Amino acid sequence: MTFKDLLVGGPKPVWIRFLLIIGAATLLTRLGLDSRFAQTSLFYCLIPYLIGVVLYIFIPQPQGWSKPKRFARHMLAALIVMLASSAILFEGFLCVLMAAPIYLFFASLTFAFGQSHPNYDEKRVSDVFRVSVVPVIIAIISIEGMTDKTSFPREEVITRTQVLNLTSEQIHANLAKPVHMEGERSKFLSLFPLPEKVEANGFAQGEVHKAFFTYRRWGFTNVHKGETWVRMKTVKPLKIETEVTKDTSYFSHYLTVHGTQIDMVPQTDGTTEVSLTIRYRRELDPAWYFGPMQRKAIRESADYLLTHVIGKGADDA
């Protein structure tokens, strides 16, 4: 089965149907983004499901194709529609990448429990709504985030601890230096761009550090610029607290970072046990999907900061 087979198999003209579906998906997505439900499960679960139903109904399946082939063709069609509507709306490629697994999960369920007939002309609209309990599940989970009563707790606190081969004085010296994030990041963190520039005039209490971000949503175009301001709230020999006073970066659409706390416990062998705590608020629903993803991002970010910023030079000490 070639790429061409997946894309153009079935009755013609398929491209006209794609254009119409992309237009409908763009309109539906735009309405969702402009509503107060843009960060809820209604947007991330129900709208993709409805688009999937339209694809199932209006994009024909070639005769004689097995269920795996039909599923692969459907997912290709869904990817085309997602990317095309995202580009038209000037939304980021990263947003599509992050949300696509939700659609993949429910599409897999639909095809797994759906009709097994191999002929497109036997397909019925009712098949979509008879598939197990998927539509019921979608309807239930789509209300998450619409009201306070249908939302899960959003405030999160992540703490990561490392024993660094540095004294607390050396750690303070590291934090007073200009920030250069040159260390290797995990594959997951590498999806997100680093700040282009960090302004830090000092490390005294009350000082404000500014990070400047440029997010190119489609690699070279559709640019979003933003800033994150971090104020040194408390600077003590064994405790440092920061608070985020301004955040217009691309991160602010996904989560709100309140601040950090660094606690240092000197050890008898000259090393220091350092705990980095990050307080943040999850902004996206559903919690069962974005919650674990954001916890992973925060944990890996904390580990990166402990190793390459706070603990810089520890391996050479």
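In helix 3, the residues I51, G52, L55 and Y56 meet H74, A77, A78 and V81 of helix 4, where contact means heavy atoms within 4.5 Å. Sorted by class, this contact of helix 3 with helix 4 has six nonpolar, two polar and no charged residues; here Ala, Val, Leu, Ile, Met, Phe, Trp, Tyr, Cys and Pro count as nonpolar, Asp, Glu, Lys and Arg as charged, and the others, Gly among them, as polar. The model is a predicted one, in which local features need pLDDT of at least 70 and side-chain atom pairs count only at pLDDT 80 or more, while totals for chains, interfaces and linings use all residues. Residues are numbered from 1 along each chain as its sequence is written, and side-chain values use heavy atoms, with hydrogens and water left out.

Two packed helices are described by the angle between their axes and the distance between the axes. The axes are lines fitted to C-alpha atoms, for helices over the stretch in contact, and the angles run from 0 to 180 degrees between N-to-C directions. Helices (H or I, at least four residues) and strands (E, at least two) are DSSP runs, numbered from the N terminus.

| Pair | Angle between axes | Axis distance |
|---|---|---|
| Helix 3 (residues 41–58) and helix 4 (residues 67–88) | roughly 125 degrees | within 10 Å |
| Helix 2 (residues 14–33) and helix 3 | about 165 degrees | 11 Å |
| Helix 3 and helix 7 (residues 134–141) | about 155 degrees | 9 Å |

The axes of helix 3 and helix 4 cross at roughly 125 degrees, which makes helix 3 oblique to helix 4. Helix 2 and helix 3 are roughly antiparallel to each other, given that angles under 35 degrees count as roughly parallel, over 145 as roughly antiparallel, 65 to 115 as roughly perpendicular and the rest as oblique. The contact between them is made by R17, I21, A25, L28, T29, G32 and L33 of helix 2 and by F43, I47, L50, I51, V54, L55 and F58 of helix 3. By class, this contact of helix 2 with helix 3 has eleven nonpolar, two polar and one charged residues.

Helix 3 and helix 7 pack at an angle of about 155 degrees, and helix 3 is thus roughly antiparallel to helix 7. Here S41, C45, L46 and Y49 of helix 3 and V134, P135, I138 and I141 of helix 7 make the contact, and the residues divide into seven nonpolar, one polar and no charged.

Strand 4 (residues 223–236) contains V223, and V235 lies in strand 4 as well. V223 counts as partly exposed at 42% relative accessibility, where buried means under 20% relative accessible area, exposed over 50% and partly exposed in between (1.4 Å probe, protein chains only). V235 is partly exposed, with a relative accessible area of 23%. Leaving aside residues up to four places away in sequence, V235 touches H172, F203, A204 and Q205.

Which peptide bond is cis, with omega near 10 degrees? The bond from D285 to P286 is cis, and P286 lies in the loop between strand 7 (272–282) and helix 9 (287–310).

Over the chain, the secondary structure comes to nine helices and seven strands, and buried residues make up 42% of the 317 residues.
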